[in-house]
Amino acid sequence: MKAIAIFGVWIMVFLGAANLRAQEFTITQVELNGESVVLHYDLVDTARNRFYTIHVFSSKDNFLNPLTRVKGDVGLEVKPGMNHKVVWDPGEFGAEFKGDVELEVRGKVYIPFVRFTNLADYKFIKRAKPTTLTWTGGTRQNILNFNLYKEDELVTVISSIANSGSYDLVIPRSVKPGDGYYFLVVDSKNKDQVMKTSSFTIKRKTKTIF
């Protein structure tokens, strides 16, 4: 990559006029660290227990899609605070890419468009056994994808779920048992509508012995 020109733009979606004086976002530093680009920022919020969705876009696709090789204080449920950091790997564009790149930071208050009402009741979910999940929110037009993650790795997608408020979930046997699983629930037609569940454990289905 010959050079990287970077600028930061904060785009906030406010819930109401009363919130306009409650947030302050500042990009404090942009640096190159080896092959990575590091964005430092402060996010101040006078309201307690409010989270944000933070994404970084690039001029390579005219700022249409968020960059994927990012880590740090980015994504869903980012807490306000000082000295936040986002690290981006330009290798996302491929080894042959040459040219200048402009980056844009966008954020908004994180408000889940659906909320699960019983997932917290399950200490663990067994593979290959139906587990009835219930939730509220959204509209009948929402068609949901349940993207199953372990840490930051996508494990499997359970797709085309009607937003009926209830679904008999079956975790495939191919999913390894373990801790730290969670769902990103996304509207299949609008990726801006997304929510992250609390984490849970996946266990093997217990065999019945007669």
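**Figure 1. Pro112 and its contacts.** Setting aside neighbours within four places in sequence, Pro112 is in contact with Val194 and Met195, where contact means heavy atoms within 4.5 Å. This is a predicted model, in which local features need pLDDT of at least 70 and side-chain atom pairs count only at pLDDT 80 or more, while totals for chains, interfaces and linings use all residues. Residues are numbered from 1 along each chain as its sequence is written, and side-chain values use heavy atoms, with hydrogens and water left out. You will find Pro112 in the loop between strand 7 and strand 8 (114-116). Strands (E, at least two residues) and helices (H or I, at least four) are DSSP runs, numbered from the N terminus. Pro112 counts as buried because its relative accessible area is 16%; buried means under 20% relative accessible area, exposed over 50%, and partly exposed in between (1.4 Å probe, protein chains only). Its C-alpha atom is separated by 9.3 Å from that of Val185, a residue 73 places away along the chain.

**Figure 2. Asn118 and the backbone of Thr132.** Here the side chain of Asn118 reaches the backbone oxygen of Thr132 at 2.9 Å. Such a polar contact is a pair of N or O atoms within 3.5 Å; within protein, one must be able to donate a hydrogen and the other to accept it, and residues adjacent in sequence count only if both atoms are side-chain atoms. Asn118 belongs to the loop between strand 8 and strand 9 (124-126). Is Asn118 buried or exposed? With a relative accessible area of 13%, Asn118 is buried. Not counting residues up to four places away in sequence, Asn118 touches Thr132, Leu133 and Thr134.

Figure 3. Look for Asp42 in strand 2 (residues 36-45). Asp42 is buried yet has no salt bridge, and the nearest side chain of opposite charge, Lys85, is 12 Å away. What does lie 2.8 Å from a polar atom of the Asp42 side chain? The backbone nitrogen of Asn83 does. Leaving out residues up to four places away in sequence, Asp42 touches several residues, among them Phe25, Met82, Asn83 and His84.

**Figure 4. The salt bridges.** A salt bridge is a side-chain nitrogen of Lys or Arg within 4 Å of a carboxyl oxygen of Asp or Glu, and by this rule the count comes to three. Side chains of opposite charge can pair when their charged atoms come close.

- Arg50 and Asp45 pair at 2.8 Å, N to O. Both Arg50 and Asp45 are buried.
- Arg69 and Asp89 pair at 3.2 Å, N to O. This pair links distant parts of the chain, 20 residues apart: Arg69 is in the loop between strand 3 (52-58) and strand 4 (70-72), and Asp89 is in the loop between strand 6 (81-88) and strand 7 (103-109). Arg69 counts as partly exposed because its relative accessibility is 43%, and Asp89 is also partly exposed, at 29%.
- Glu104 and Arg106 pair at 2.6 Å, N to O. At 10% relative accessibility Glu104 is buried, whereas Arg106, at 26%, is partly exposed.

**Figure 5. Two glutamates with positive phi.** Most residues other than glycine have a negative phi, and most peptide bonds are trans. Glu77 has a positive phi, near 55°; Glu151 likewise has a positive phi, near 55°. Glu77 lies in strand 5 (residues 75-78) and is partly exposed, with a relative accessible area of 32%. Glu151 is in the loop between strand 11 and strand 12 (153-162) and is exposed, at 61%.

**Figure 6. Confidence along the chain.** The mean pLDDT, the predictor's confidence in each residue from 0 to 100, is 84 for the chain, and 88% of the residues reach 70 or more. Over residues 1-18 the pLDDT is below 50, although this stretch has 56 contacts in the model beyond near neighbours in sequence. Where pLDDT is low, the predicted coordinates should not be read in detail. Among the elements of the chain, strand 11 (residues 143-150) has the highest mean pLDDT (96) and strand 1 (residues 23-33) the lowest (85). The chain has zero helices and 16 strands, and buried residues make up 39% of its 210 residues.

Notes:
Lys and Arg count as positive and Asp and Glu as negative; His and the chain ends are not counted.
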